[in-house]
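Subject: Structure handover

Hi,

Here is the structure I promised to pass on. My notes follow below it.

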Amino acid sequence: MSEIFQLLQSSPLVFTCACAAFGLMIGSFLNVVIYRLPKMMEREWHAQCAELNAQAAEDPLPGGGVSLAGAAEGAPRYNLVVPRSACPHCGHMISALENIPIISYLLLRGKCKGCGAPISARYPIVELVSGLLSGYAAWHFGFGLATLGALLFVWALLALTFIDFDTQLLPDDITFPLLWIGLLLNLSHTFTDLHSSVVGAVAGYLALWGVYWLFKLATGKEGMGYGDFKLLSAIGAWLGWQMLPLVILTSSLVGAVVGITLIVAARHGRNVPIPFGPYLAGGGLIALFWGQTLTQSYLQMMSTP
């Protein structure tokens, strides 16, 4: 084992390739998280509603219906591990050979082995993006704690991005641990000092919280969800308050361009909400890898007469 660590530490190429391969495998797991975590949240909400409705838990519903409590109690286990992944069309259980990142999708030609139904291209895309970003994180930061932190940061943001695209939710099960891990990592100044990390967490939350209330007072509508506040707070905890302007600027610019494009080209209704979490995640990744360079370049440009 020590020889493996020595090889990874001494050879940047081997370390980068190892992290990229591991990122591909994590990408496969992220697909499970993206698909199942919202459903797990929905089941939990149903169970909580059933607990609050004691009468529904005791008496059958009129017309032979089933109460939420009864459905929750009789429901099979459903989490990130159980049951095994299966085709949603025919129930075909996915074997280990059918679950090799990217390769299995190509060998199966994007179709279920059991029924031939098409498999969403999102699965290999998530795996590929996870692998590429993981490899780049290893190459950028080198062997050490910073790469481990960057990998966790990348994987969490990937999961949040696609969950928000699908459901317009940013689960606390990801954002809260992400925030606390960022603070803990910066105890040793992994990405920034602890003071900047704590201020970044507070400032990140309050920045979007203030925008939310200004927009609501001005229009009477809610412009964003509380999950966006928590995500920016987590990004601030990881990268420090100094990176927040860059994150907000880049995410707002990209979000505005994409939103206008959807409205004009895809006839996306103006009243249909567009998730902001993916753009915050993109801004966070830009700040993670190139934040210092972009900030210094901007300051030099402003100081040049």
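Predicted model: local features only at pLDDT ≥ 70, side-chain atom pairs only at ≥ 80, totals over all residues.

Pro-83 sits in the loop between helix H4 (68-74) and helix H5 (103-107).

Phi of Ile-102 is positive, near 65°, and the residue is not a glycine. Gln-168 is another non-glycine residue with positive phi, here near 55°. Gln-168 belongs to the loop between H7 and helix H8 (172-185). Its relative accessibility is 42%, so Gln-168 counts as partly exposed. Why list these spots? Most residues other than glycine have a negative phi, and most peptide bonds are trans.

Now the overall picture. The chain has 12 helices and 0 strands. From the N terminus on, the order of elements is α-α-α-α-α-α-α-α-α-α-α-α. Of the 305 residues in the chain, 37% are buried. Take the contacts between residues at least 6 apart in sequence: 70% of them join residues at least 24 apart.

Two helix pairs are worth a look.

Start with H1 and H2. The axes of helix H1 (residues 2-10) and H2 come within 5 Å. They cross at roughly 105°. That angle falls in the 65 to 115 range, so H1 and H2 are roughly perpendicular to each other. On the H1 side, the contact is made by Leu-7, Leu-8 and Ser-10. On the H2 side, Pro-12, Val-14, Phe-15 and Ala-18 take part. By class, this contact has 6 nonpolar residues, 1 polar and no charged ones.

Next, H7 and H10. Helix H7 (residues 145-167) packs with helix H10 (residues 226-239) at an angle of about 165°. Their axes are 12 Å apart. The two helices are therefore roughly antiparallel to each other. Their crossing is left-handed. H7 brings Gly-149, Ala-150, Leu-152, Phe-153, Leu-157, Leu-160 and Asp-164 to the contact. H10 brings Asp-228, Leu-231, Ile-235, Trp-238 and Leu-239. The class count for H7 with H10 is 9 nonpolar, 1 polar and 2 charged residues.

Then the rings. The count comes to 16 aromatic pairs. One of them is Phe-22 with Trp-155, an edge-to-face pair. The centres are 5.8 Å apart and the planes stand at 65°. Phe-22 lies in helix H2 (residues 12-52) and Trp-155 in helix H7, so the pair ties together parts that are 133 residues apart in sequence. Trp-155 counts as buried, at 10% relative accessibility.

Tyr-212 and Phe-229 also pair. Their ring centres lie 5.5 Å apart and their planes are at 70°, so this pair is edge-to-face. Tyr-212 is in helix H9 (residues 194-219) and Phe-229 in helix H10, so the pair ties together parts 17 residues apart in sequence. Both residues of the pair, Tyr-212 and Phe-229, are buried.

Last, one aromatic cluster is formed by Tyr-136, Trp-139, Phe-141, Phe-153, Phe-191, Trp-238, Phe-289 and Trp-290.

Best wishes

Note on methods: Residues numbered from 1 in each chain as written. Heavy atoms only, no water. Axes fitted to C-alpha atoms, helices over the stretch in contact; angles between N-to-C directions. Helix = DSSP H or I, 4+ residues; strand = E, 2+ residues; numbered from the N terminus. Parallel < 35°, antiparallel > 145°, perpendicular 65-115°, else oblique. Left-handed = near helix turned anticlockwise from the far one by under 90°. Contact = heavy atoms within 4.5 Å. Nonpolar A, V, L, I, M, F, W, Y, C, P; charged D, E, K, R; others polar. Phe/Tyr/Trp six-rings, centres within 6.5 Å; stacked < 30°, edge-to-face > 60°. Buried < 20%, exposed > 50% of the residue type's maximum accessible area, 1.4 Å probe, protein only.
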